[in-house]
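Please open the structure in a viewer and keep the selection tool at hand.

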Amino acid sequence: MLAGQLPDGFVYLRDFVPDIQQDIRYATRNNFMRKRLPGYGARECVLTETAAKALGKVQNAAVAEGYTLVVFDCYRPQSAVEAMVAWVRHGKGTDPDFFPNVRRSDLIRQGYIGAKSSHARGSTVDVGLDLLEGRGSAEPQICSRQDRLTVDFGTPFDCFDPASRTASSAVSKKAQTYRQTLVKLMRKGGFKNYAGEWWHFTLRNEPFPDRSFNFDIQRR
């Protein structure tokens with residue numbers, strides 16, 4: 001493919017819903033592996049066209065309630081999935097920023113990192129919410145960092161801890177309410193939440209349910 005060209009059925013989210021904020025972590029060092037992952041040649045959200053259109057409807061509903069969506073990861077190349085798996089299998093210990101209570105070697109077994117990832121199918125998105133106006137104060141969190149661009153969900157994106165389970169009661173009532181709001185908005189837009197992570201959603205009627213992709217995300 002030419003630089004920036006995508007396979008049939010895939011689009012850059014920015015071309016469809018430019019007002020959704022993008023904070024694509026795996027194209028930077030700001031992630032649990034602390035390095036840019038294979039296949040992330042640009043800080044761009046790529047999705048199937050079907051998922052992008054559905055997310056656009058979610059954004060419209062979010063804006064009507066005073067929020068905007070913030071995406072952290074979208075399509076994930078299979079090469080990045082494999083790099084994550086190898087990283088888990090060759091490590092030990094914990095990390096206060098990302099997995100303070102779970103050993104690195106247990107992240108796959110406990111469901112925080114998938115040996116197979118729905119992200120590689122192109123219709124899964126990691127997403128949060130931010131207020132269109134102002135921002136409330138953040139509570140102390142399990143992982144020792146905060147997401148600068150979102151409301152307080154009790155744990156930041158990619159905090160691999162039981163407190164990140166969508167229905168966890170280990171976070172504040174305010175954080176629980178934000179999680180419930182996000183799930184409600186995404187469900188109405190046709191997305192299903194993964195109960196182990198408040199930020200992880202897959203389009204119910206995804207166009208490629210049985211196919212993983214491995215093209216690089218490139219600058220246009």
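Begin by selecting phenylalanine 215, which counts as buried at 8% relative accessibility; here buried means under 20% relative accessible area, exposed over 50% and partly exposed in between, with a 1.4 Å probe and protein chains only. The model is a predicted one, in which local features need pLDDT of at least 70 and side-chain atom pairs count only at pLDDT 80 or more, whereas totals for chains, interfaces and linings use all residues. Residues are numbered from 1 along each chain as its sequence is written, and side-chain values use heavy atoms, with hydrogens and water left out.

**Aromatic pairs**

The structure holds 20 aromatic pairs. Rings of Phe, Tyr and Trp (its six-membered ring) pair if their centres lie within 6.5 Å; planes under 30 degrees apart count as stacked, over 60 as edge-to-face and the rest as tilted. Helices (H or I, at least four residues) and strands (E, at least two) are DSSP runs, numbered from the N terminus. Phenylalanine 10 is also buried, at 6% relative accessibility.

Next, select phenylalanine 208 and phenylalanine 213. Their ring centres are 5.0 Å apart and their planes stand at 70 degrees, so this pair is edge-to-face. Phenylalanine 208 is partly exposed at 21% relative accessibility, while phenylalanine 213 is buried, with a relative accessible area of 7%.

**The sheet**

Now display the strands. Five of them form an open sheet in the order β2-β4-β5-β7-β6, with mixed pairing; two strands pair if DSSP finds at least two bridges between them. At the edges stand β2 and β6 (191-193), each with a single partner strand, so one side of each has no neighbour in the sheet.

How many residues of β5 are buried? Seven of the eight are, so this strand is largely enclosed by the rest of the structure. On one pairing, β4 and β5 run antiparallel and are joined by six bridges; to see one of these, select tyrosine 67 and its bridge partner in β5, leucine 131. On another, three bridges join β5 to β7, again antiparallel. Here valine 125 has phenylalanine 201 of β7 as its bridge partner, and aspartate 126 has histidine 200 of β7.

**Helices across the sheet**

Select helix α2 (residues 49-64), which lies across β4, β5, β6 and β7 and runs at about 145 degrees to β4. Then select α4 (residues 173-188), which lies across β4, β5, β6 and β7 and runs at about 125 degrees to β5. These axes are lines fitted to C-alpha atoms, for helices over the stretch in contact, and the angles run from 0 to 180 degrees between N-to-C directions.

The buried residues of α4 include Ala175, Tyr178, Leu182 and Leu185. Among the elements that cover the buried residues of α4 are α2, β4 and β5, contact being heavy atoms within 4.5 Å. After α4 comes glycine 190, whose phi is positive, near 100 degrees.

**Salt bridges**

Side chains of opposite charge can pair when their charged atoms come close. The structure holds 14 salt bridges, each a side-chain nitrogen of Lys or Arg within 4 Å of a carboxyl oxygen of Asp or Glu.

Select glutamate 44 and arginine 14, whose closest N and O atoms are 3.2 Å apart in a salt bridge. Glutamate 44 sits in the loop between β2 (21-22) and β3 (46-48) and arginine 14 in helix α1 (residues 13-16), 30 residues apart. Glutamate 44 is buried at 14% relative accessible area, whereas arginine 14 is partly exposed at 32%.

Return to aspartate 126, which meets arginine 76 in a salt bridge (3.7 Å, N to O). Arginine 76 lies in the loop between β4 (67-73) and α3 (78-89) and aspartate 126 in β5 (residues 124-131), so the pair ties together parts 50 residues apart in sequence. Both arginine 76 and aspartate 126 are buried.

Move on to arginine 121 and glutamate 206, with closest N and O atoms 2.9 Å apart in a salt bridge. Arginine 121 lies in the loop between α3 and β5 and glutamate 206 in the segment after β7 (200-203), so parts 85 residues apart in sequence are tied together. Arginine 121 and glutamate 206 are both buried.

For the last stop, select Asp23, Arg25, Arg43, Arg145 and Asp147, which are linked in a network of salt bridges.
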